[in-house]
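Colleague: Hi! Could you walk me through this one? I'm still new to reading structures.

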Amino acid sequence: MTGMIEVSLWRGKADGRYQTYQVPQRANQTVLDVVTWVQRNADPTLSYRFACRVGMCGSCAMTVNGRPRWTCRTHTSKVIEDGKLEIGPLANLPVIKDLAADLTRFFEKWQRAKGVFAPSKTRKDPIERISPASAPRIAADAAIECINCAVCYAACDTVRWNEDYLGPAALNRAWTLVNDVKDAGNKTRLAAIAEAGGCHACHSHQSCQEHCPNKLNPTASIAGLKRRTMQAYIKGEL
Amino acid sequence: MSARQLHTTAPRRNALWVAAMVHRISGLALACFLPLHFLTLGLALQGEARLDSTLRWMDNPLFKIGETMLVFLLAVHMLGGLRVLLIENMPWREGQKDLALAALAIAACVAFAFLVGAV
Amino acid sequence: MNVRLYVLQRATAAIMAPLVIGHLIVIFYATSRGLSAGDILGRTRGSVGWGLFYGVFVLAVAIHGAIGLRGILAEWTPLKSKGALDALMWLFGLTLAALGLRAVMAVVL
């Protein structure tokens, strides 16, 4: 495949603008390749973020033709519309510069949702054996492959409408730990996500599931949290 | 206009986002209608004749269309709400777009049946 | 929405689902023979059953609607203070409950 792609890249901060570049189209070219081509050949001051290039680190997510995507695993051939690509930083987050969004709030919300493992044993205890076939482990595994790319967070209108909302990724992580039988932090975790801005803010739009590059279903995780917190509330534990 | 708004239309291209909008707008419309509904029925406090004259005044095609809309809103809000309760309280079920579409279609049929029956 | 408002809203929704179906049946039945005050009041006056049916319906919808409205205001208007949102929720809920119970009394008593 040859020819040129008309690539519009966001330049500047929130009050910036799109600037257009002509980038040669190649076979098996990813959106990240296009951005890298611009930085190496057209404008070395272009800022963007990436690390692993193989869909594991979650650093390179951007808005591509209006949709949040992991750019290192998105082929241009799949997303070009009329020979054009419009690439901006992730939505629902402040812009640092160009294509780099500020993820501080996103990760603060992981902390607020108690998305951190709370050990129930010490290093002196023997390692607890968990059957991979047990129901809680299956539930934990279903949500565990999150790479923190913030694509779901950028795709969620509830995040846009409610700045306190923890968002799909943080709640999905909380659900993984709620199901982890080795974790001892569920009391504080359920209390944290039962507050305003917690799991009950979710309207089940399922945009997170629609856009998740790893095909996870945060809506289902959040529904699980709604059940757990409701049970805890009715029992008077919250 | 060099500075184009930085935005994403991604959430709104999703049918289930539209379903949530239908649910929200129908709920809001019903919430606006209910005080009027209650005030009308409250006219019976001033006697049967007072309520009856108002009901007769409302007996025209314009109100029939309005009532048909209300039947649709009530049905679509209830069915959409049942879908949400299903998501939140039952094991996960794929095919939510089909369920949302079914809710819309059933509500439309109910409203159409009301219109046909009422004319 | 915190867990308390969530439980109240979903519980009232679950209560109202069958009530809405019942109400729709009444709407179809009543309008098929032409709405008249005589018909309506003939059904409801002195009926404990209809009084309970619509009394519960009114209270559930007042709670459900007020919490729903609070959510819409919080997400779609510049109103962000918890105090103001709660005040409007209570105002709308109590108004709806008062008007609704008055209407139930008007057709039942």
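Modeller: Happy to! Keep in mind that this is a predicted model. Let's start in chain B, where helix H1 (residues 15-42) packs with helix H3 (residues 61-89).

Colleague: At what angle do H1 and H3 of chain B pack, and how far apart are their axes?

Modeller: The angle is about 130 degrees, and the axes are 9 Å apart. Angles over 145 degrees would count as roughly antiparallel and 65 to 115 as roughly perpendicular, so H1(B) is oblique to H3(B).

Colleague: Is the crossing of H1(B) and H3(B) left-handed or right-handed?

Modeller: That crossing is left-handed.

Colleague: Which residues make the contact?

Modeller: On H1(B) they include B:Ala19, B:Val22, B:Leu30 and B:Phe33. From H3(B), B:Leu70, B:Leu73, B:Gly80 and B:Gly81 are among them. By type, the contact of H1(B) with H3(B) divides into 9 nonpolar residues, 6 polar and no charged.

Colleague: Nice. Now the neighbours: how many residues do chain C and chain B bring to their contact?

Modeller: Chain C brings 27 residues and chain B brings 28. On the chain C side, the elements giving two or more residues are helices H1 (3-32), H2 (37-44), H3 (48-76) and H4 (82-108) of chain C.

Colleague: Which of them gives the largest share?

Modeller: That would be H1(C), with 10 residues. The side of chain C that touches chain B has 18 nonpolar residues, 7 polar and 2 charged.

Colleague: And what about chain A and chain B, how many residues are in contact there?

Modeller: There, 28 residues of chain A meet 19 residues of chain B. Two or more residues each come from strands E2 (17-24) and E4 (67-70) and from helices H5 (151-155), H9 (207-211) and H10 (218-234) of chain A. H10(A) gives the most, with 4 residues.

Colleague: How do the residues on that side of chain A divide by type?

Modeller: The side of chain A that touches chain B divides into 10 nonpolar, 11 polar and 7 charged residues.

Colleague: Changing topic a bit: what does chain A come to in helices and strands?

Modeller: Chain A has 10 helices and 7 strands. Its C-alpha trace spans about 60 × 35 × 30 Å along its principal axes.

Colleague: What percentage of chain A's residues count as buried?

Modeller: Of its 238 residues, 45% count as buried. Here's one more for chain A: among contacts between residues at least 6 apart in sequence, 65% join residues at least 24 apart.

Colleague: Thanks, that helps!

Methods. Residues numbered from 1 in each chain as written. Chains lettered and ligands numbered in written order. Predicted model: local features only at pLDDT ≥ 70, side-chain atom pairs only at ≥ 80, totals over all residues. Contact = placed C-beta atoms within 7 Å. Nonpolar A, V, L, I, M, F, W, Y, C, P; charged D, E, K, R; others polar. Axes fitted to C-alpha atoms, helices over the stretch in contact; angles between N-to-C directions. Parallel < 35°, antiparallel > 145°, perpendicular 65-115°, else oblique. Left-handed = near helix turned anticlockwise from the far one by under 90°. Buried ≥ 20, exposed ≤ 12 C-beta atoms within 10 Å, placed from the backbone.
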